[in-house]
Amino acid sequence: MDQQFLAQLEQTLNAIIKPSSSASLKETTKTLQSQYYTQATTVPALIHILQNSSDDALKQLAGVEARKLVPKHWSTLDDAIKNEMKNSLLQTAFSEDKEIIRHSNARVIASIGTEELEGNKWPELVPSLIQAASGEDAGVRQIAVFILLSLLEDYSPSLSVFIDDFLNLFAQTINDTTSLETRSLSAQALNHISALIEEQETINPQFATKFASLIPSIVNTLDAVIKAEDIKNSKAIFNCLNDILLLDSQLTGNTIVDLIKLTLQIASNTEVEEDVRVFAIQFIISALSYRKSKIIQSKLGREITLTALRIAAEEIDVEEELNNEDEAGENEENTPSLIAIRLLAFASAELPPSQVSTVIIEHLPIMLQSSNPFERRAILLAISVAVTGSPDYFLSQFEKVIPATISGLKDAEPVVILAALKCVHQLTTDLQDEVAKFHEQYLPLIIDIIDSAKFVVIYNYATMALDGLLEFIAYEAIAKYLEPLMNKLFYMLESNNSSKLRCAVVSAIGSAAFAAGSAFIPYFKTSVQYLEQFIQNCSQIEGMSEDDIELRAITFENISTMARAVRSEAFSEYAEPLVNSAYEAIKTDSARLRESGYAFIANLAKVYGENFAPFLKTILPEIFKTLELDEYQFNFDGDAEDLSAFAEGATEEDLQSKFTVNTGISYEKEVAAAALSELALGTKEHFLPYVEQSLKTLSEQVDESYGLRETALATLWNIVKAVLLSSRIEPESYPKGLPATSYIDATSLAVVQTARAISIANLNDEFETSMVITVMEDLANMIKQFGPIIIMDSGDSSSLETLCMQVLSVLNGTHACQTVDIEEDAPKDEELDASETEATLLDIALEVLVSLSHALGSDFASIFENFKPVLFELYESKSKNKRSSAIGATSEIVLGMKEGSPYIQEMLEAMIVRLTSDKSLEVRGNAAYGVGLLCEYASFDISSIYGAVLKAMYELLSTADQKSLAADDDEATREIIDRAFANASGCVARMILKHENLVPLEQTIPALFAHLPLKTGFEEYTPIFQVIMKLYQDNNAVITNMTPKVIEFFAAVFTKDAERIKLEQESTLGREENLERLKQFQTDDIKQKIVELLKYINNTYSGVVVKDPVLAPVIA
């Protein structure tokens, strides 16, 4: 060996260990990369230093670098040198005293072994190590096992021939009575052997059985290292258990459920080190990801939830909790209590409500009434994180949840008050206006908390809770609070210098505007005067803290919300200068400011519509630039030469470790995409020159983005919608049926075809449930609005066929996104509830069929033929939600096909079975809707069904009445009860219109009016109005005798319609997205007929209508 070369290399390595400066370190690294690491002779030189240097740090560094260079240079070395190094390394491995050097030596052996074993050039290596690991000397055994582990970590397929020998060896060493380290290393080695077993073309059942039989030994080793308080090895073995979750069930046998139960015990054990308990909870979270089906089938969700609640209720550092203003820091800290709360959040999203959320509600009374404040805190935090995963369930439990949060807000302990505020804040996020209905109870308490807050974190969360309530409080309810609230908020801005706290106040002002709509106009100018100080010199951000930037950003967002509230005329004097400021924000280096600029633009586009077109040429290039930003970052500190050198010697793991996803950029792109949607929809034909660039950019994001795929696709369809609207295509005015030719122009069709192709391509084999939901939801909405051209044209039905196949696979539960988490050893149990995400997927798939039926009319019959068996099967499902969804969707399909359906008789028979026999009010209510429509469209004699159906209707109304009185009924929410009333009333009305003589009007009409006016399902008014008009036309005594009731009813209907019109005119733009559902009259024609009826009644019955203050102006 060249001694001079060796001495120079050693000197250079020393300069790495003891650099004189960062510049010299960088220079030395370059020297190593360019002068030494390019030469094969460096490998034996490094190994010489590893074995002979007197400096341990130098020896370790030499070992690390040698290991990296072996794959690059080993094949070019002389065989004699190779053999000499192999022999000397094995000797050194067993003779070196210091563990860290032994390990470095072992890893070099493993690296060489990986190279040599492939060509069978070191055949004695593995047998000799197995022999050493089986010997009497405990120290030798440990070293041999470590080398084998290092070899297995490097993974070489050639090791597969030793699988049986490895299993036999580690079955002994994992039970080594003299060395806990040997046992731990053996457990880690077995983990790698499982990968070798799985990599075989077919899994060897003997190997699989042997491995499964060793899992209890891995568990015993975990128990031993925990008792020894060995955190490092505890973590290592938990990592093994996490990998076991991913194994084929042949290798795990029946151990998964036992592993979860064991880790629940470890997590609960307060005698165990906190870090170990955290590892255990993290394992359970992993199990929910990878073995969800097994957990659901084994009904482990309840036990997981109870354990998480117990851990969450443990004592915490109160002072730290109340003085912790850094929420990001809180999320990084792992304590058992904190991670148990995360476990509840994850479980509620992954598991059915019956296994998580129901358990939380069951324990709500006892924990809330506990004398232990940490239990009270825990149950409120549990609700706050679980509501996102199962919002519908928690909505049904509001009679328990709302009083619990109010109790928490009144609690004497600050930590409980803080938990209650977090809970209210999250409830408003997920259940919005449903929570805001309780404003009278909440607002005084929250204002009091703000006034008396002694801790910044409580003040901040109280303001955030106030913000959430204000945002969703009903338009008619906000007026009485507005003046004192605005004065309060202005005072809070004046009395706080903290940018963080001011952010929450500014957001609350924006929310007040959002709720108040045009009623905010008197406070608008004052608000702008208070807020404009925060957005002056927008492009100058040097020296600003993160909180300062956030305040500037949130001010932009909320001023634009005010614009939507007060509308274009009131905002006009501020529009141009603020748009220019927003443009400045978009041009800054701050991602958060750019994001807020885009949010501002989106809102202003909503306010000004086509009048915003002049800004397109400056704004859109910035949006496209943002959408093209790379979310993936390669984190490397060095120049191109350094990077090249790093890449040469780096392993795949080394490279992966340098890649991260910048979620800040993902979110900025999401807001930019939303702005693009609003600009397209607002400016319509003015946007057309930018359509091509939009489609190109968005399609790339659908394919490549990390966090924008769903948003990009939704934006793509909004571009399509804008194009269709600009070509004067009116929603729902298209020709029904299979299109023989295109009913839209060629340019618009090309845009539709692009979006269609991207959507269909992202439906096949898509594993992300959220993406499948997005694709189907977009297609369902667009098909319903713009017809069959969205999914087919020019006789090409291939996309329609693909869509139908994917919908069918969802209904059968076999779509890729539904089977990705299913374990082959988990039997399907239909009695178990689905998670709310799975339920949403089913509903959206059914909605696609509904939209197709409305678009195709009678032409949908041939498609329905293929879906009829699975829909009828869903009618019989043990899951109430599936039955309800399937029957509701089929009813809507009846409405779509109308008289053109050849399946009316089959549907009617199936619906009547559910109407008369189902135990669920929701299912029977949906069946009532379907039966009514089928009666309306039947072309055959249906008189024979009248007796049974009318009896079922009376029973349905009676059940709904009883449930309406039972305030504590868990199953039926108010919405379900009201919907049952509407559907039953509409069904009876349709039956009267079909065969009046078969319905006992003397009993039916009073019963009908007893359930009017409707509170939902206003489309059912149409047949009810028709019945009333017909009976008056016939001068039927049943209705004429009820004239006072009729007038009272129509007064309520016109009052509700006037409220809708007022909301449309005065509420914040875009807030009341469901105004169409509030329409009391489905067409202007039916409204005019009712006005004529009222005039008739007024003339016939001595001016009785004009005496009503609501109806008098209607007939004037």
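**Figure 1. Salt bridge between domain 3 and domain 4 in the predicted model.** The count between domain 3 and domain 4 is 1 salt bridge. Arg 709 pairs with Glu 766 in a salt bridge whose closest N and O atoms are 2.7 Å apart. On the side of domain 3 that touches domain 4, helix H38 (691-704) and helix H39 (709-726) each contribute at least two residues. Helix H39 provides the largest share of that side, with 11 residues.

**Figure 2. Extent of the interface between domain 3 and domain 4.** The domain assignment places residues 608-631 and 641-728 in domain 3, and residues 735-819 and 835-865 in domain 4. The C-alpha centres of these two domains are 24 Å apart. Contact is made by 17 residues of domain 3 with 23 residues of domain 4. About 1700 Å² is buried between the two domains, and carbon and sulfur atoms account for 76% of this area. Glu 710, Trp 717 and Leu 724 together supply 39% of the area that domain 3 buries against domain 4, more than any other three residues.

**Figure 3. The largest nonpolar core and the surroundings of Ile 446.** The largest nonpolar core holds 392 residues, and the members that touch the most others are Ile 446, Phe 571 and Phe 1050. Helix H32 (residues 546-587) gives the most to this core, namely 18 residues. In soluble globular proteins, nonpolar side chains tend to be buried together. When residues up to four places away in sequence are not counted, Ile 446 touches Leu 409, Leu 421 and Val 424, together with Ala 462, Ala 465, Leu 466 and Leu 469. The domain assignment gives domain 1 as residues 301-325 and 332-473, and domain 2 as residues 475-589.

Figure 4. Glu 471 counts as partly exposed because its relative accessibility is 27%, a value that lies between the 20% limit for buried residues and the 50% limit for exposed ones. With neighbours within four places in sequence left aside, Glu 471 is in contact with Ser 511, Phe 514, Ala 515 and Arg 1071. The C-alpha atom of Glu 471 is separated by 9.2 Å from that of Ser 507, a residue 36 positions away along the chain.

Definitions and conventions. Residues numbered from 1 in each chain as written. Predicted model: local features only at pLDDT ≥ 70, side-chain atom pairs only at ≥ 80, totals over all residues. Heavy atoms only, no water. Core = buried A, V, L, I, M, F, W, Y, C linked by side-chain atoms within 4.5 Å. Buried < 20%, exposed > 50% of the residue type's maximum accessible area, 1.4 Å probe, protein only. Helix = DSSP H or I, 4+ residues; strand = E, 2+ residues; numbered from the N terminus. Contact = heavy atoms within 4.5 Å. Domains from an automatic or database assignment. Buried area = accessible area lost by both parts, 1.4 Å probe. Salt bridge = Lys/Arg side-chain N within 4 Å of Asp/Glu carboxyl O.
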